[in-house]
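Colleague: Could you walk me through this one? I'd like to ask about it piece by piece.

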Amino acid sequence: MSPKTRKQMVSKARRGSTRNKQDLGASLSYLVGYCHQYVGLIVVAFAFSAVSALLSVAGPSLIARLAETITKGVSSTGIDISLAKVNGIGMTLIAVYVASMALDYLQSLIMSHVSCSVGKQMRSEITRKINRMPLRYFDNHSQGDTLSHVTNDVDTISQSLNTSVGVFVSSSTIVIGCIVMMTITEWRMSLTAIATTLVGFIAMGRIMGVSQKYFVARQKSLAELNGHIDELYAGQMIVRAYNAEESELRAFRDANERLRQRTFQAEFLSRLLMPIMTFVGNLGYVAVCIVGAALAFGGSIDFSVVVAFIIYVRLFSIPLSSIGQGFASIQAAAAASARVKAFLAEEELEDESNKTTRLSDVRGAVSFDHIRFGYVPERTIIHDFSARVEAGQKVAIVGPTGAGKTTLVNLLMRFYELDGGTIAIDGTNLADVTRKDAHEVFGMVLQDTWLFEGTVRENLTYGKESVSDDDLLDVCARCGLAHFVDTLPRGLDTQLNDSVSISAGQKQLLTIARAMVADSPMLILDEATSSVDTRTEEQIQRAMDEVTRGRTSFVIAHRLSTIKNADLIIYMQDGDIRETGTHDELMECAGLYAELYNSQFSMDA
């Protein structure tokens, strides 16, 4: 390797180390700022920890007095007086150590409360942040990565606050206190201990500057592994159906191996801190013993000073290893804090607190005026869409896969913002009202059913209060769920969990019933009958015809037989309207819709 190349590599390593130190400092500053509301409790905990450490430091001084008293008592005739002094010093020493233990316990309780509170607040803020973020973010990030913020990152921070901060403060106080007491006792021996300690802190700073990037990489790899596991267990049936267990296992092993390597890299360097500081403490112990022996033999100090110093150095070396271990934990917390900080800084939905326009007494007239949209700027899905829907109409949106049908519904619900054009309800531009107000006028049934772990009643009345049992049973009867509810152990109060066998079709029926219970002035049905059999589909159609009567409804369907009675059929292709009209009108035109309908009819036949 040439000298020039070696110089470039050293320069690059130094720049990386400096950047990692800056990242570590920024992450720790953010974490400290995040805990500002608990600063009072933290100060009290630090004070308790410091006083506890100082009491521990005072112990060797009392032990030295005890040794001196015993020595004088043995060499003199006042045995009773010496024993009385020994008892007094001994009781004082016990009181000091008991007080130190009590204060240390109190600070651990306080920091446990602070760490739990900070974890709770972080999880709450992350959850609120999720509700304020655009759906575009979730299109580009896995569920496992997002969940890792709530679980792994927050837990790492909480554990570090709970265990490392108190230990770090008490250990630092003991070290400083020992240095002060050693300097007062014998400054030459104190300088010997300080010199050896500086070597350890210099090495520790170098290691931390290099290892921080590995802690960040470890948290990222952990999130990736969580994402893979989340996908694997969610699609367990598909994995087994396609005999993909081995390939998924290999993918898991790869992700697990990456996590192992990055964890090893982080732990390998950080775990050096504790043995290095232990070695430095022992080195200082040896150096102090040698210097103390030389001074004692020379008559410069008494034997009691050597005894006290040996205890001080031993007390001094123990917290050094704790400081090294604490720094490793703090590095992990800093890496997790950086991820939480980055997540909370992600772009949010536009603030709508200044919007005062409201949708009231909605009739359901909808106009699409030259709307344009793409999930990413460079790929437009809907190019120039315009349509008029009258109040109370049942509108069917059909077309091939990828035509923009579901995207159109997402825009209608304001899940995404338009790139151009306007959507208006009863003449009111949707962009002028809040998203919450826009969502309230729609009931929605998606192709992907979503039921949470709760009772049947809670799932049916989701987002709606004060619904009577009679109304719920009536809706269940109209949706073909009456028999299903009757067979459940506790009827509407049955918990929907793994112990309750429920088919995909029944899940779809429950989501349809939920939309009917919501009783919104407008409805969106995105492939609502895709998971049910033909007979149930007919039953649902009758119920839907009833519930959509007098309401504007948008139905996305691939089974064209289910939308023959729609007031308006919109055929979309490549993001544009190609044909509009009723079923009979479009069949007479013998265009794209007729071709699609006839192809389905021939396939069904």
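Here is our chat about the sheet, the salt bridges, the rings and the cysteines.

Colleague: Before we start, what am I looking at, and how are the residues numbered?

Modeller: It's a predicted model, so local features need pLDDT of at least 70, side-chain atom pairs count only at pLDDT 80 or more, and totals for chains, interfaces and linings use all residues. Side-chain values use heavy atoms, with hydrogens and water left out, and residues are numbered from 1 along each chain as its sequence is written.

Colleague: Okay, the open sheet of six strands: what is the strand order?

Modeller: Helices (H or I, at least four residues) and strands (E, at least two) are DSSP runs, numbered from the N terminus. Two strands pair if DSSP finds at least two bridges between them. The pairing in this open sheet is mixed, and the six strands have the order β6-β7-β8-β3-β9-β10.

Colleague: Which are the edge strands?

Modeller: Look for strands that pair on one side only. That gives β6 (442-445) and β10 (576-581).

Colleague: How many bridges join β9 to β10?

Modeller: Strands of a sheet pair through backbone hydrogen bonds, either parallel or antiparallel. Strand β9 covers residues 568-573 and runs antiparallel to β10. I570 stands opposite T580 in β10. The number of bridges joining β9 to β10 is five.

Colleague: Helix α11 packs on the sheet; what angle does its direction make with that of β8?

Modeller: Contact means heavy atoms within 4.5 Å, and α11 (residues 405-412) touches β3 (394-398), β6, β7 (522-526), β8 (552-556) and β9. Axes are lines fitted to C-alpha atoms, for helices over the stretch in contact, and angles run from 0 to 180 degrees between N-to-C directions. For α11 and β8 the angle is about 150 degrees.

Colleague: And which strands does α16 touch?

Modeller: Helix α16 (residues 504-518) packs on the sheet too, and its direction makes about 175 degrees with that of β6. The strands it touches are β6 and β7.

Colleague: Back to α11: how many of its residues are buried?

Modeller: Buried means under 20% relative accessible area, exposed over 50%, partly exposed in between (1.4 Å probe, protein chains only). K405 and L408 are among the buried residues of α11, and the helix is mostly covered. The count is seven of its eight residues.

Colleague: Are E352 and R435 buried or exposed?

Modeller: These two side chains also meet in a salt bridge, at 3.1 Å, N to O. E352 is in the loop between α10 and β1, and R435 is in helix α12 (residues 435-440), 83 residues apart. Both E352 and R435 are buried.

Colleague: What is the N to O distance between D574 and R578?

Modeller: D574 is partly exposed at 46% relative accessible area, and R578 is partly exposed at 40%. Their closest N and O atoms are apart by 3.8 Å.

Colleague: Why is the F368 and F385 pair edge-to-face?

Modeller: Rings of Phe, Tyr and Trp (its six-membered ring) pair if their centres lie within 6.5 Å; planes under 30 degrees apart count as stacked, over 60 as edge-to-face and the rest as tilted. F368 and F385 have their ring centres 5.3 Å apart. The pair is edge-to-face because the planes are at 90 degrees.

Colleague: Which residues form one aromatic cluster?

Modeller: Start with Y137 and F138, an edge-to-face pair with centres 5.4 Å apart and planes at 90 degrees. Y137 is buried at 8% relative accessibility, whereas F138 is partly exposed at 28%. The cluster is Y137, F138 and F343.

Colleague: Last one: how many disulfides are there?

Modeller: A disulfide is a pair of cysteine sulfur atoms within 2.5 Å. C476 is buried at 1% relative accessibility, and C589 is exposed at 56%. By that distance rule, the count of disulfides is zero.

Key. Salt bridge = Lys/Arg side-chain N within 4 Å of Asp/Glu carboxyl O.
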